Amino acid sequence: MRIGLGYDVHKLIEGRKLIIGGVDIPYEKGLLGHSDADVLTHAIMDSILGAAALGDIGRHFPDNQAKYKGISSLDLLAQVNTLLSSKGYYIENIDATIIAQKPKMAPFIEKMISNISKVLEIDSDKINIKATTEEGLGFTGSGEGISSQAICLINNKGTVLK
């Protein structure tokens, strides 16, 4: 059994879509990034990679490579899942938090869980996603950006937790 922690942050800007957990959320701003800048999916990928001691998303998907420009983070998550499986691991569970003052995430969380569970090929009850504000404090509280944290528990194939 291994545990990994992931964190990601992106700046909010005009002229971009706001994609979180693979969901296009209606909002006046989107997240700046080389890919679709999906902070939730990025944090989840880093938690999975960290649990398996496989580095981070920057190592696997460098932001200086054109092939990752504008790519869906769910496509990158699928590649992380393939890598994880090739190393003999499977996901026990994921717990993640989105930190954003606006917009409200609650209406979109079920779809985020559905998207991520499909890509990772795990039951949706193994994924928990929640959202919080920072009561107007810091860069997320002032609406300058959105961040996300995730933790993931993985296990070796053939090992089952009871």
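A residue is called buried when its relative accessible area is under 20%. The model used in these exercises is predicted.

**Exercise 1.** Find how far helix α1 reaches and which of its residues are buried.

Solution. Start with the extent: α1 runs over residues 39-51 and has 13 residues. From its first C-alpha to its last, α1 reaches 18 Å, close to the 18 Å expected at 1.5 Å a residue. Next, take the burial: twelve of the 13 residues are buried, so by the cut-off of under 20% the helix is mostly covered. The buried residues are V39, L40, T41, H42, A43, I44, M45, D46, S47, I48, L49 and A51. Finally, look just past the helix, where A53 has a positive phi of about 55°.

**Exercise 2.** Describe the surroundings of S73 and say why S73 counts as buried.

Solution. First place the residue: S73 lies in helix α3, residues 73-86. S73 counts as buried because its relative accessibility is 0%. Then list its contacts: leaving out residues up to four places away in sequence, S73 touches S35, D36, A37, D38, T41, H42 and M45. With H42, the S73 side chain makes a side-chain polar contact of 2.8 Å.

**Exercise 3.** Determine which element gives the most residues to the largest nonpolar core.

Solution. The core has 45 residues, and those with the most contacts inside it are I20, I48, M112, I129 and I146. Elements giving two or more residues to this core include β2 (18-20), α1, α3 and β7 (145-156). Of the elements, α1 gives the most, with eight residues. As for I20, its contacts beyond four places in sequence include L40, M112 and I146.

Key. Residues numbered from 1 in each chain as written. Predicted model: local features only at pLDDT ≥ 70, side-chain atom pairs only at ≥ 80, totals over all residues. Heavy atoms only, no water. Helix = DSSP H or I, 4+ residues; strand = E, 2+ residues; numbered from the N terminus. Expected span 1.5 Å × (residues − 1). Buried < 20%, exposed > 50% of the residue type's maximum accessible area, 1.4 Å probe, protein only. Polar contact = N/O pair within 3.5 Å; in protein donor to acceptor, adjacent residues only side chain to side chain. Contact = heavy atoms within 4.5 Å. Core = buried A, V, L, I, M, F, W, Y, C linked by side-chain atoms within 4.5 Å.
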